[in-house]
Amino acid sequence: EILIGLVGSEMCIRDRSNFLAAFPILCLLCRYKHFSLLQHLNSNKMKHTLFTLALVLLALLSASCGDKKKVVYQNPLPMAFGDPFLLKASDGKFYMYGTGGVQNGFKVYSSDDLVTWKDEGPVYQGGTSDSWATDCFWAPEVYERDGKYYLWFSANWKENPTQEQENFRIGVAVADKPTGPFKDLSDRPVFDPGYPIIDANILFDDASGKTYLYYSRCCYKHAVESEVSAWAKTKGWFDEIEESWIYGVELKPDFSGVIGEPVALLCPPKTMDDPQAKWENRSVTTHEVNRRWTEGSYMVKHGNLYYMLYSANFFGGKNYAVGYATSQSPLGPFTKAANNPVLQKNTEQGGIVTGTGHCMLIDIHNRLYCVYHGRTETTGDERMVFIDLIDIQPDGKLVVHGPNTDLQKITY
């Protein structure tokens with residue numbers, strides 16, 4: 001019984017299926033093919049033999065389980081970030097970046113287990129005399145490539161001769177460590193499309209060996225005619241509706257610029273009978289604001305499909321939500337999913353979470369997780385970080401198991 005408990009306790013912590021598989025092997029190794037193992041525990045020699053075998057098995061089973069450990073966590077995480085991005089670095093640690101916490105820059109939290117987080121302080125400082133950007137440093141994403149760490153972000157460009165209210169562009173900085181300090185690769189943005197852009201996301205496409213940049217064209221001065229804009233004007237709510245669209249473009253290998261012209265990939269629905277219209281039009285149909293958003297893109301390849309997650313509706317409101325679209329090519333065409341939105345407020349179902357959006361995906365021990373920001377009744381307008389399980393089913397349907405504020409287990 002002690003032997004069974006010893007092995008069983010260890011494997012319950014790690015993987016009970018491994019214990020169930022190991023027990024018959026233990027019996028076989030003891031050469032008791034026709035008798036129950038427990039009938040032969042009277043002999044001290046037998047006890048010593050079994051104990052030795054148990055230790056050997058535990059060592060083997062522990063090795064076969066690798067470094068996997070399970071912990072319990074609960075959303076929201078203890079960090080006030082918008083637009084969160086989680087990096088699993090080669091040093092074995094997790095690093096959480098996001099919008100907020102530092103004026104004109106970014107900070108990072110680190111963790112060994114996704115439960116206990118350490119504030120590592122500022123990692124990038126902009127808005128300086130030698131910086132290309134002035135303020136509004138948003139949506140950082142950090143990628144580890146060839147021993148370096150690259151921080152992508154958006155901010156207001158100081159080159160603004162026409163004094164635009166929104167003059168966002170995308171930049172990239174580099175560091176030797178995930179905790180920085182990050183330094184700009186250039187004294188200019190990566191490129192200038194001629195309109196304000198935010199929410200940089202990078203895809204390193206293994207199939208083609210190419211790298212792609214995805215971004216959102218801001219709503220600013222981008223009025224678009226549609227059925228919902230005509231409807232809102234008829235009601236006397238808004239004279240026009242501005243829209244943000246998601247674009248994609250190939251990047252130069254050294255990140256110094258782009259190759260070719262950007263391609264428009266996703267935009268709000270044109271008609272009010274579009275299957276996506278009900279959820280993507282909420283900022284307008286609730287008389288909240290005269291804008292429709294398609295922003296916060298995140299690209300991932302699964303099987304032969306490219307999945308683009310995106311956020312719609314007013315980022316500062318309760319209706320901010322996440323959908324996704326798929327394509328067989330990194331530059332489209334993309335088809336929005338029938339089961340959108342896959343992540344949205346749960347207050348109408350008795351929950352406490354609103355404003356869910358700007359997500360990214362991360363693979364942790366072959367399980368996909370969705371990292372995003374949201375608000376709760378207790379945190380108020382502060383954007384907080386959430387991590388929820390996500391599945392891509394055999395038929396290609398993507399499902400987010402959230403927003404979830406219950407205790408959850410995660411293997412790291």
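Is lysine 107 buried or exposed, going by its relative accessibility?

Author: Keep in mind that this is a predicted model. Lysine 107 comes out at 11% relative accessibility, so it counts as buried, the cut-off being under 20%. Since lysine 107 sits in strand E4 (residues 105–111) and aspartate 119 in strand E5 (residues 118–125), the pair ties together parts 12 residues apart in sequence. Aspartate 119, for its part, is partly exposed, at 41% relative accessible area.

Another one joins the side chains of arginine 169 and aspartate 192, at 2.8 Å from N to O. This pair links distant parts of the chain, 23 residues apart: arginine 169 is in strand E8 (residues 168–175), while aspartate 192 is in the loop between strand E9 (183–184) and strand E10 (197–205). Arginine 169 is buried at 6%, whereas aspartate 192 is partly exposed at 41%.

Then there's arginine 291 with glutamate 242, whose side chains meet in a salt bridge at 2.8 Å, N to O. Arginine 291 lies in strand E15 (residues 291–292) and glutamate 242 in strand E12 (residues 242–243), so this pair ties together parts 49 residues apart in sequence. Here arginine 291 is buried, with a relative accessible area of 17%, and glutamate 242 counts as buried too, at 11%. Glu166 also comes in: Glu166, Glu242 and Arg291 are linked in a network of salt bridges.

Note on methods: Residues are numbered from 1 along each chain as its sequence is written. This is a predicted model: local features need pLDDT of at least 70, side-chain atom pairs count only at pLDDT 80 or more; totals for chains, interfaces and linings use all residues. Side-chain values use heavy atoms; hydrogens and water are left out. Helices (H or I, at least four residues) and strands (E, at least two) are DSSP runs, numbered from the N terminus. Buried means under 20% relative accessible area, exposed over 50%, partly exposed in between (1.4 Å probe, protein chains only). A salt bridge is a side-chain nitrogen of Lys or Arg within 4 Å of a carboxyl oxygen of Asp or Glu.
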